[in-house]
Every structure is written in C-alpha cells, then in structure tokens.
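Please look over the sequence and the model before reading on.

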Amino acid sequence: LEGLLTISLHEIVQASHRREEILRRHARERELTEGVLFAGGGISTWALAQGLKDAGYRTRCEWILDRDGRYLESAIRNIPVIGRETRIFEATVEEIAPTLVPPVDILSASLPCTNFSRSGISKKGLERPEDDENANTGFVGLLGIVRAVNPSIIVHENVPPFAGSATCRVLVSILRKLGYVVQERILGRELGAFERRDRHILLATSAGMARHFDLARVAPSVVP
C-alpha cells in the first residue's frame with residue numbers, strides 16, 4: 001500500500017532468538033539435542049556427551065552423518081549416546097538435503113583434516129588445502145546445515161594448520177555474520193590426550209549465550 005512502512009527483524013536476528021529460546025528451554029529440562037557431521041569414529045560425539053553428563057545434562061543425538069559407512073558402523077556399536085531413534089546418514093555433507101536433518105542445540109563437526117595437515121598437503125602435492133577438488137567444498141555443505149538446523153552451539157575440531165587456512169577464515173567470517181561469537185584455541189593435553197595430539201578447536205555460540213562459554217578457561221583434565 002502507498003505510504004505503508006513495514007519494519008521487521010532481520011531473518012538472522014529472528015533465527016538467533018529462536019535457537020536461544022529453544023536452548024534455554026532444553027537447559028531447564030536438563031536435556032540437550034545434538035547433531036553430528038563428519039562423524040568419524042564418533043569419539044568426539046561421545047566425549048561431548050560425557051562432558052555434558054558430568055555437568056548434569058543429558059544428550060540426545062538426533063542425527064549423525066558421515067560418507068564412510070565403516071565409521072558409522074563403529075559409532076553405532078560403540079557410542080552410547082547414539083540410540084535407536086538417532087537418524088543415520090551415509091552421505092557427503094554437500095549432497096544431504098537440509099530438510100532431512102532436524103534442528104539441534106549443538107552441532108558437532110570436523111571437516112576432514114587430510115587436506116589441512118602438513119603430511120596430507122605434501123602427499124597430495126597441494127599448494128593449498130582448497131586445491132583438492134574432492135574435498136574442498138565440505139565447508140559449503142557445513143554452512144548449509146548450520147542455516148538449516150540453526151544450532152546455538154557449534155563445536156568444530158581439526159588439525160592446528162586448519163587455523164591458517166582460507167577455509168577456516170571464511171567459515172569464521174560467515175558464522176559471525178550469522179550471529180555467532182567465535183572462539184578459537186589449540187588444545188591438546190587439556191582434552192585428556194596422553195600423546196601430543198594438539199587440535200584446533202573452534203567454538204561458535206549464539207551471541208546471546210556467548211557469555212556462558214569461554215575456551216580460555218578450559219583446563220587440563222589429566223595432569224602428568
């Protein structure tokens with residue numbers, strides 16, 4: 001109509017409000033939902049659920065995805081948080097339809113590290129990680145899933161060189177534009193590793209919840 005001015009919240013702001021309200025409700029109920037991309041053997045999935053259990057929260061794994069069925073079979077057999085109601089997807093993150101994965105409070109992901117490790121880059125003869133046509137689009141699929149499931153918390157783990165990659169820097173920039181506060185830290189023994197196995201940890205939390213999460217406060221779980 002002529003002369004009508006409509007003012008509304010931007011879609012990104014609305015999405016932030018929705019996910020934070022759902023997380024607050026689930027936190028009061030002491031049960032959080034989780035989705036897993038690039039599952040591997042599911043060890044990080046188990047560790048995250050165990051940490052939440054230690055803090056007094058139950059975790060319900062809504063879905064788990066990996067392109068390698070062997071990893072999924074191992075995770076199903078060995079990870080208690082994966083139950084009969086968990087949806088199992090054997091697919092690449094680029095080809096999965098976002099409508100198939102329901103919203104979750106926490107998204108756990110780990111882009112394949114082969115292209116980002118020094119040995120992987122050398123073995124494949126890459127000038128940069130993104131030069132591998134078979135593995136350079138995973139983060140695009142990851143971002144599509146983020147927008148679809150709208151998690152309040154995103155936990156991503158990779159090798160330390162990932163921090164300096166173009167993939168990481170673009171991922172961080174887009175997550176910030178989507179209303180997340182992003183923290184990064186290299187962790188090793190703080191995660192309970194008995195060998196020197198440092199990892200780049202990226203923690204993205206919805207801006208309204210970010211004050212509750214601080215990677216700098218993570219302390220060693222095992223002291224030699």
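A residue counts as buried when its relative accessible area is under 20%, as exposed when that area is over 50%, and as partly exposed in between. The model shown here is predicted, and the structure holds 8 salt bridges.

**Helix to helix**
- The side chains of Arg 147 and Glu 11 meet in a salt bridge, with a distance of 4.0 Å from N to O.
- This pair links distant parts of the chain, since Arg 147 belongs to helix H5 (residues 138-149) and Glu 11 to helix H1 (residues 11-29), 136 residues apart.
- Glu 11 has a relative accessible area of 53%, and is therefore exposed.

**Strand to strand**
- Glu 157 and Arg 199 form a salt bridge in which the closest N and O atoms are 2.7 Å apart.
- Because Glu 157 lies in strand E5 (residues 153-158) and Arg 199 in strand E7 (residues 199-206), the pair ties together parts that are 42 residues apart in sequence.
- Glu 157 is partly exposed at 24% relative accessibility, whereas Arg 199, at 13%, counts as buried.

**Strand to helix**
- A salt bridge also joins Glu 184 and Arg 169, whose closest N and O atoms are 2.8 Å apart.
- Glu 184 is partly exposed at 30% relative accessibility, and Arg 169 is partly exposed at 34%.

Notes
Residues numbered from 1 in each chain as written. Predicted model: local features only at pLDDT ≥ 70, side-chain atom pairs only at ≥ 80, totals over all residues. Heavy atoms only, no water. Helix = DSSP H or I, 4+ residues; strand = E, 2+ residues; numbered from the N terminus. Buried < 20%, exposed > 50% of the residue type's maximum accessible area, 1.4 Å probe, protein only.
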